[in-house]
Amino acid sequence: MEARMKSRANPDVMTAIQHLHKAIHAGGVDPRLLELVHLRASQINGCSPCVFAGVESAKKHGETDERLHNVVTWRETPFFTEAERAALALAEGATRIQDGAPGVTDEIWDAAAAHFDEKQLSAIILNIAITNFFNRINRTIREQAGKTW
């Protein structure tokens, strides 16, 4: 499989994305948690460059291989805190919105709201949204893992 586009995004778009990332990281959420959320959404969407980049970035923030290898099965493993589980459930609910999927149910929202304040929830939600944004772009142009990042 080859990438469909060789050039990077419009500089104005990249500036806007940098501002969004700044807002995400100003939300007071542990960067490791943001990386786990990014990784889980990217796994769901089958975005190999975002999974690749997410693992690399999470490791730079001190995440362990044990936890990274088990993000995909977070419900069945003992490696995640209740707050992390709530954020991962939120990521899954917000990512899986196709064809009548329930999305973010009240149960998912209430669990996340029990662990995070509104500023943190805003950062997590924006992180999920921007991850899905990049996942869709990368899937459309067939970006490959490790080729340009």
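What follows is a talk about the labels and the values behind them.

Mentor: Start with the ground rules. This is a predicted model, in which local features need pLDDT of at least 70, side-chain atom pairs count only at pLDDT 80 or more, and totals for chains, interfaces and linings use all residues. Residues are numbered from 1 along each chain as its sequence is written, and side-chain values use heavy atoms, with hydrogens and water left out.

Trainee: What makes cysteine 47 buried or exposed?

Mentor: Relative accessible area decides: buried is under 20%, exposed is over 50%, and partly exposed is in between (1.4 Å probe, protein chains only). Cysteine 47 has 1% relative accessibility, so it counts as buried. Cysteine 50 also has 1%, and is therefore buried.

Trainee: Why is alanine 129 called partly exposed?

Mentor: Its relative accessible area is 41%, so alanine 129 falls in the partly exposed class. Alanine 129 lies in helix H7. Helices here are DSSP runs (H or I, at least four residues), numbered from the N terminus.

Trainee: Which class does arginine 136 get, and why?

Mentor: Arginine 136 is at 42%, so it counts as partly exposed. Arginine 136 is found in helix H7. Leaving aside neighbours within four places in sequence, arginine 136 is in contact (heavy atoms within 4.5 Å) with Asn45 and Thr95.

Trainee: What makes a group of residues a nonpolar core?

Mentor: Its members are buried Ala, Val, Leu, Ile, Met, Phe, Trp, Tyr and Cys residues, joined through side-chain atoms within 4.5 Å. The largest such core has 29 residues, and Leu33, Leu90 and Ile124 touch the most other members. Helices H1 (11-25), H2 (31-45), H3 (48-60), H5 (82-95), H6 (106-115) and H7 (118-141) each supply at least two residues of this core. H7 gives the largest share, six residues.

Trainee: What does leucine 90 contact, apart from neighbours within four places in sequence?

Mentor: Leucine 90 is in contact with Val104, Ile108, Trp109, Ala112, Leu121, Ile124, Ile125 and Ile128.

Trainee: How do you describe the packing of H2 and H5?

Mentor: With an angle and a distance. H2 and H5 pack at about 35°, with their axes 9 Å apart. Axes are lines fitted to C-alpha atoms over the stretch in contact, and angles run from 0 to 180 degrees between N-to-C directions.

Trainee: Which residues make the contact of H2 with H5?

Mentor: From H2, Leu33, Leu36, Val37, Arg40, Ala41, Ile44 and Asn45 take part; from H5, Glu84, Ala87, Leu88, Ala91, Glu92 and Thr95.

Trainee: What about H1 and H7?

Mentor: Their axes come within 9 Å and cross at roughly 150°. In H1, Ile17, Leu20, His21, Ala23 and Ile24 meet Ala123, Leu126, Asn127, Ile130, Phe133 and Phe134 in H7.
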